[in-house]
Amino acid sequence: MTELPVLLGLLLATTAGTAAALTRDPVHQALVLSVLGLALALLFTLLQAPDVALSQLAVGTVLTPLMVLLSVRKVRRRPREDSPADGRGGKR
Amino acid sequence: MNKTVRLWVLGVGCAGVALLFVGAFRRLPEFGGSHHPYGARAVAAALHRHTANVVSSVNFDQRSFDTLGEQAILFGAVLGTVVVLRQARDERRVPPEPAVVAPTVRRYALVSLPLTLLVGLYVVAHGQLSPGGGFQGGLVVATALHLLYVAVDYRALERLRPVPVFALADAFGDVAYLLLGLAGLFAGASFLANVLPLGTFNTLASGGLVPLLNAAIGIEVASAAVVLLAQFLDQALELVPREGEHR
């Protein structure tokens with residue numbers, strides 16, 4: 001029974017990973033990715049690897065989803081700017 | 001190649017990988033066992049060098065050459081991003097209009113900014129004693145600065161973090177690691193050898209070279225993350241295609 005927390009952590013990480021892979025919209029995917037990072041950080045803590053958990057928390061939960069969100073924003077903005085319609089309001 | 005053939009090739013490849021995997025895992029020691037040949041030696045070596053955090057001892061003393069490679073990878077990745085995401089000839093800068101920030105968000109972000117900064121610096125400074133180190137702490141420091149964007153607006157963040165300064169700091173951290181390694185060479189030992197006095201176990205000034213290498217990595221990672229996010233933020237918020245020059 002001592003392995004129960006680790007098993008639960010593994011289950012959480014696999015669920016979050018599958019959800020991230022199955023999510024189609026990149027914006028939602030970035031949020032699910034951040035949850036996956038949190039689940040992995042929890043799993044690493046349960047496996048007594050706090051150093052790795054800290055790295056995972058910083059990179060997987062904050063940096064990567066943020067970069068995905070910023071990239072999506074940049075890619076999505078292009079067509080609106082190029083379109084011949086007068087809708088040039090959404091700059092911010 | 002039609003679809004059936006491709007699926008067969010994929011199937012054969014997967015079966016081969018699965019076979020090798022099972023073969024490799026059959027020889028692994030059991031999960032959670034008490035026999036750790038590498039761990040026992042690493043802990044003994046870390047205690048011998050007066051470094052309380054064994055992971056830091058492995059990263060910055062026993063295998064510090066590996067860390068040199070890792071930080072070079074980060075440096076190269078940031079350099080590549082800066083080159084690829086630079087302001088192109090058909091792009092111009094439009095300063096984003098300041099958005100209204102909810103007072104609660106502003107208060108929360110302004111309170112947590114100095115706290116997060118302090119935690120980051122603490123994690124860098126205590127890398128040789130407790131979990132964390134230059135890499136983790138550096139990322140926390142970089143994240144803390146970006147709370148200013150959440151609290152105020154992009155212009156405030158741009159004023160706080162002049163990108164050229166942070167790019168220089170990134171290179172400085174990279175070079176500092178190399179020079180600290182060369183110090184070992186000049187002291188008559190080998191590259192990246194821990195030649196400094198080891199200090200008292202479990203105090204801030206212990207572990208010899210470990211805290212210094214941690215600081216170098218902390219500077220490099222914090223500036224690398226700032227520069228990296230600056231490129232992405234510039235692209236997402238400021239750079240727009242020039243009018244009338246569609247391709």
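Read from the N terminus, the elements of chain B follow the order α-α-α-α-β-α-α-α-α-α-β. In total, the secondary structure of this chain amounts to nine helices and two strands. The model is a predicted one, and the description that follows should be read accordingly.

The overall dimensions of chain B come next. Its C-alpha trace spans about 65 × 65 × 40 Å along the principal axes. The radius of gyration of chain B is 24 Å, whereas a compact globule of 247 residues would have a value near 18 Å.

Two helix pairs within chain B illustrate how its elements pack. On the side of helix 2 of chain B, the contact is made by A42(B), V43(B), A45(B) and A46(B); helix 3 of chain B contributes V54(B), S57(B), V58(B) and Q62(B). By class, the residues of this contact comprise six nonpolar and two polar, with no charged residues.

The second pair has another geometry. Helix 5 of chain B, residues 103-125, packs with helix 6 of chain B, residues 134-151, at an angle of about 165 degrees, with the axes 8 Å apart. Since an angle over 145 degrees counts as roughly antiparallel, helix 5 of chain B is roughly antiparallel to helix 6 of chain B. The crossing of helix 5 and helix 6 of chain B is left-handed. Their contact contains 16 nonpolar residues, eight polar residues and one charged residue.

Attention now turns to the contact between the chains. Chain A provides 17 residues to it and chain B provides 20 residues. On the side of chain A that touches chain B, eight residues are nonpolar, two are polar and seven are charged.

Finally, the confidence of the prediction for chain A deserves a comment. The average pLDDT of chain A is 85, and 82% of its residues score at least 70. Over residues 83-92 of chain A, however, the pLDDT is below 50. Beyond near neighbours in sequence, this stretch of chain A has five contacts in the model. Where pLDDT is low, predicted coordinates should not be read in detail.

Notes. Residues numbered from 1 in each chain as written. Chains lettered and ligands numbered in written order. Predicted model: local features only at pLDDT ≥ 70, side-chain atom pairs only at ≥ 80, totals over all residues. Axes fitted to C-alpha atoms, helices over the stretch in contact; angles between N-to-C directions. Helix = DSSP H or I, 4+ residues; strand = E, 2+ residues; numbered from the N terminus. Parallel < 35°, antiparallel > 145°, perpendicular 65-115°, else oblique. Left-handed = near helix turned anticlockwise from the far one by under 90°. Nonpolar A, V, L, I, M, F, W, Y, C, P; charged D, E, K, R; others polar. pLDDT = per-residue confidence, 0-100. Contact = placed C-beta atoms within 7 Å. Rg over C-alpha atoms; globule rule 2.2 N^0.38 Å.
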